[in-house]
Amino acid sequence: MATIKDVAKEAGVAVATVSRVLNNRGYISEDMKKKVSAAMEKLQYQPNEVARSLYRKKSNIIGLIVPTVSHPFFGELTNYIEYYAYKNGYKILLCNSQLDRTKEKEYVDMLKRNQVDGIIMGSHTLDIEDYLDLNLPIVTIDRKISDKIPYVSSDNYKGGELATNLLIESGCENLALFTGNLHLHMLSNNRHHAYEDVANMHGVKHVTVETDLNVFDSDKYENLIYNFLRKYSDIDGIFANSDILAAQTIKICSKLGKKIPDDIKIVGYDDVRISSLAIPEITTIRQPVDKMSEKAIELIIKQCDNEYVTMENILPVTLVKRSTC
C-alpha cells in the first residue's frame, strides 16, 4: 500500500507539499496540484481520513440518528439530509436506533469517538443530559431539549388546526385522532393540542386514541384501528397522525365496509409518497421535509463555523387536498 512518502517521491516534491495538497492548506499552484494528484492516482494512494481529520480538527462527517429509514417519513428525511450534506461538502454517518435506548446511546458514543463534526437527532429516547454532555454541534428534529440546542420542526399546531377544521367543515360530527405516545414531549404533540382546541371550539364530539405500541408495528396498529372502529361505529372523521396511519385506516375501513369519504373522512400527516399512491389518495398535511433537512444541515455547519444560529426553527405546513376528505 502506497504511503505519502511514495507519493512525494513519485511527484518529485517534498512530503510537506503533498500534505498541503491533501489538506488544501497554504498556496499551491495548479501545476503542483495536478502533479501530486497524478502521482496519487498512479499509486492508488488512499489518504488516511482519520489522521487528516485529527490534523484539520474536522472530519466533514455528520452523524444522523433516526428510528429507522424503513419508515417513509424518516426515509425521506434521511434522503434530503444526505443530499444537502453532500452539497455542502459533508457526508452522513447513518444510525438506526429502532427506538432502543441502549442502541441509541451506543450510537451517540460511537459518533463521538469517530469525531463527527455534529449530530442531527431524529430519534429521542435518551435523557436530555445525554445530549448536553456531548459537547458537539447538535440539531434536533421535532423536539426541544434545551435552550442551547437548536431544533427544526414543522408548524405542528397549524397542521392540527388545518386537519381538524377541514374534517368539521366537511360535515364530520364525531371525530377521532389516531396518535402515538403523547408523553414523549415531542413538538408533534401540538397537533393533538390543536385538534382538541378546534373540536372544543366548534362543540364537536371527539376522542383521542393514544397508544404505546411500536409505531413501526403495522399489524398491531391495524388491530387497534379495527377494534376501535368496530366499537365506535359512529365515527365519521379521522385525523391520523401520519400518512402510514391514514393508509392503515383506509385498509381497515375497506374490511369493515365503510366507504371513503362518504361514510368516513380521513386526513393524514406528512405527505410522504404513500399518500398519493393509496387508493383513495390521502388528503394530508404536508411537512416541508426538504426544507427541514436543508435547515438542519445549515444549523450544523453554522455551529461548526462558530456562527450565530436561531434556536427555534419552525417551518410552515400546507394542506394537500386529495380524495379522503
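## Helices that pack together

In α8, the residues Asn-156, Tyr-157, Gly-160, Glu-161, Thr-164, Asn-165 and Ile-168 meet Asn-190, Arg-191, His-193, Ala-194, Tyr-195, Asp-197, Val-198, Ala-199 and His-202 of α9. Contact here means heavy atoms within 4.5 Å, and helices (H or I, at least four residues) and strands (E, at least two) are DSSP runs, numbered from the N terminus.

A word on the model: it is predicted, so local features need pLDDT of at least 70 and side-chain atom pairs count only at pLDDT 80 or more, while totals for chains, interfaces and linings use all residues. Residues are numbered from 1 along each chain as its sequence is written, and side-chain values use heavy atoms, with hydrogens and water left out.

Now let us look at two helix pairs. Axes are lines fitted to C-alpha atoms, for helices over the stretch in contact, and angles run from 0 to 180 degrees between N-to-C directions.

| Pair | Axis distance | Angle |
|---|---|---|
| α8 (156-169) and α9 | 7 Å | about 40° |
| α5 (72-87) and α13 (289-304) | within 8 Å | roughly 45° |

The angle makes α8 oblique to α9, and α5 and α13 are oblique to each other too. Angles under 35 degrees count as roughly parallel, over 145 as roughly antiparallel, 65 to 115 as roughly perpendicular and the rest as oblique. The crossing of α8 and α9 is right-handed, and α5 also passes α13 in a right-handed crossing. A crossing is right-handed if the near helix is turned clockwise from the far one by less than a right angle, and left-handed if anticlockwise.

Tyr-195 sits in α9 (residues 189-202). Is Tyr-195 buried or exposed? Tyr-195 is buried, with a relative accessible area of 0%; buried means under 20%, exposed over 50%, and partly exposed in between (1.4 Å probe, protein chains only). Beyond its neighbours within four places in sequence, Tyr-195 touches residues including Leu-175, Leu-177, His-206, Thr-208 and Phe-239.

Tyr-221, Glu-222, Ile-225, Phe-228 and Leu-229 of α10 are buried. Seen down the axis, these buried residues fall within an arc of 130°, so they line one face of the helix; the arc is that of the directions from the helix axis to the C-beta atoms. The face turned away carries the exposed Asp-219, Arg-230 and Lys-231.
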